[in-house]
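Have your viewer open and follow along.

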Amino acid sequence: MENILEVRDLRVWFPIKKGVFALTSGYVKAVDGVSFDLRRGETLGVVGESGCGKSTTSRAILLLNKPCGGTIKVNGVDITKISGKDEMKYRRTVQVVFQDPHAALNPRHTVLDILTEGMIYHGLCKPEERREKATELLKAVGMPLDILDRYPHEFSGGQRQRLCIARAISLKPELLICDEAVSALDLTIRAQVLDLLEDLKKKLGLSILFITHDLGVVQHVADRIIVMNKGKIVESGDASEVLKHPKNEYTKRLMASVPKIGKPLS
């Protein structure tokens, strides 16, 4: 199967500054030599505790953190070397759903503004088509169609996250990064949002990089899993194999410490 994402020897180090002159005395190696692939149409789970480097990895892929080494290729293009129009085009290819839907939505914007601003900016929607395009997105994420003139504070956390997902797919991305996208939701709503993501993946042909600290969530959505600890990958493989027969002690501790939700392992 063709790879949409190829990460090789990725390193993201942050300097430690000390003294009056703020000289670099060392580095925090947030991501240190990480390599993995994401196949087209696949969901790859990236699992680990807070501080393990998983979100730093995603931010590097999103061009929000600058790597100090390694390569990140999307559709065969090393995105660490792109700029200008190529970078603008890339930002359509990869979209993200963050953990906190409240912080991710501008409280001064209506649902109509939130769902169509990006499409208009990238030339995917004419101003007169806004309501039609936004309504299509609401249908796709299972939201009521009469909410276009309402504001984010009028919705529950689960509904706001659906709006974030609708905004993410509005640009017709090929790769969707979900960075702890369901960890702020209660269990019932979490399962519903996971089902929505799985449905959208199939309908839209998405590839998903799903970042979480919870192996119970990963069993619901992931085809393959990589487990990170202290900036490195400590275990990887088919989701069912890793979850049923973990080899690394860190993975075993993770499995023992988190509740599982959703469908049982087959």
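How many salt bridges does a search of the whole structure find? The search turns up 17 salt bridges. Keep in mind that this is a predicted model.

## The sheet

Let's start with the strands. Six of them make an open sheet with mixed pairing, in the order β6-β7-β8-β3-β9-β10. The edges are β6 (94-97) and β10 (232-238), each of which pairs on one side only. Ignoring direction, neighbouring strands of this sheet are turned by 20° against each other on average.

Now for the β6 end. Strand β6 runs parallel to β7 (residues 175-179), and four bridges join the two. If you want a residue pair to click on, take Val97, whose bridge partner in β7 is Cys178.

## Helices across the strands

Helix α1 (residues 54-61) lies across β3 (43-47), β7, β8 (207-212) and β9 (224-229). Its direction is at about 145° to β8. Helix α10 (residues 249-257) lies across β3, β9 and β10, and runs at about 105° to β9.

Is Thr56 buried or exposed? Thr56 counts as buried because its relative accessibility is 15%, and the cut-off for buried is under 20%. Leaving out residues up to four places away in sequence, Thr56 touches Val12, Phe14, Ala30, Val31 and Asn65.

## A nonpolar patch

Phe14 turns up again on the surface, where Phe14, Ile16 and Val28 form a nonpolar patch. Together these three have about 220 Å² of accessible area. Val28 sits in strand β2 (residues 23-39), and it counts as partly exposed because its relative accessibility is 45%.

## A buried charged pair

Side chains of opposite charge can pair when their charged atoms come close. Take Arg224 and Glu42, whose side chains meet in a salt bridge at 2.6 Å, N to O. Arg224 belongs to strand β9 and Glu42 to the loop between β2 and β3, so this pair ties together parts that are 182 residues apart in sequence. Both Arg224 and Glu42 are buried.

## Pairs around helix α5

Which residue forms a salt bridge with Arg130? The partner is Asp113, with the closest N and O atoms 2.7 Å apart. This pair links distant parts of the chain, with Arg130 in helix α5 (residues 130-140) and Asp113 in helix α4 (residues 111-121), 17 residues apart. Arg130 is partly exposed, at a relative accessible area of 22%, and Asp113 is partly exposed too, at 26%.

Next to look at is Arg131, whose side chain meets that of Asp149 in a salt bridge (3.2 Å, N to O). Arg131 lies in helix α5 while Asp149 is in the loop between α5 and α6 (157-169), so the two tie together parts that are 18 residues apart in sequence. Arg131 counts as partly exposed at 42% relative accessibility. Asp149 is exposed because its relative accessible area is 51%, and the cut-off for exposed is over 50%.

One last stop for the charges: a network of salt bridges links Glu2, Arg40 and Glu174.

Note on methods:
Residues numbered from 1 in each chain as written. Predicted model: local features only at pLDDT ≥ 70, side-chain atom pairs only at ≥ 80, totals over all residues. Heavy atoms only, no water. Patch = residues over 30% accessible without salt bridge, like charges linked within 9 Å, V, L, I, M, F, W, Y side chains within 5 Å. Areas by Shrake-Rupley, 256 points an atom, 1.4 Å probe, with all protein chains shown as cover. Salt bridge = Lys/Arg side-chain N within 4 Å of Asp/Glu carboxyl O. Buried < 20%, exposed > 50% of the residue type's maximum accessible area, 1.4 Å probe, protein only. Pairing = 2+ DSSP bridges. Axes fitted to C-alpha atoms, helices over the stretch in contact; angles between N-to-C directions. Contact = heavy atoms within 4.5 Å.
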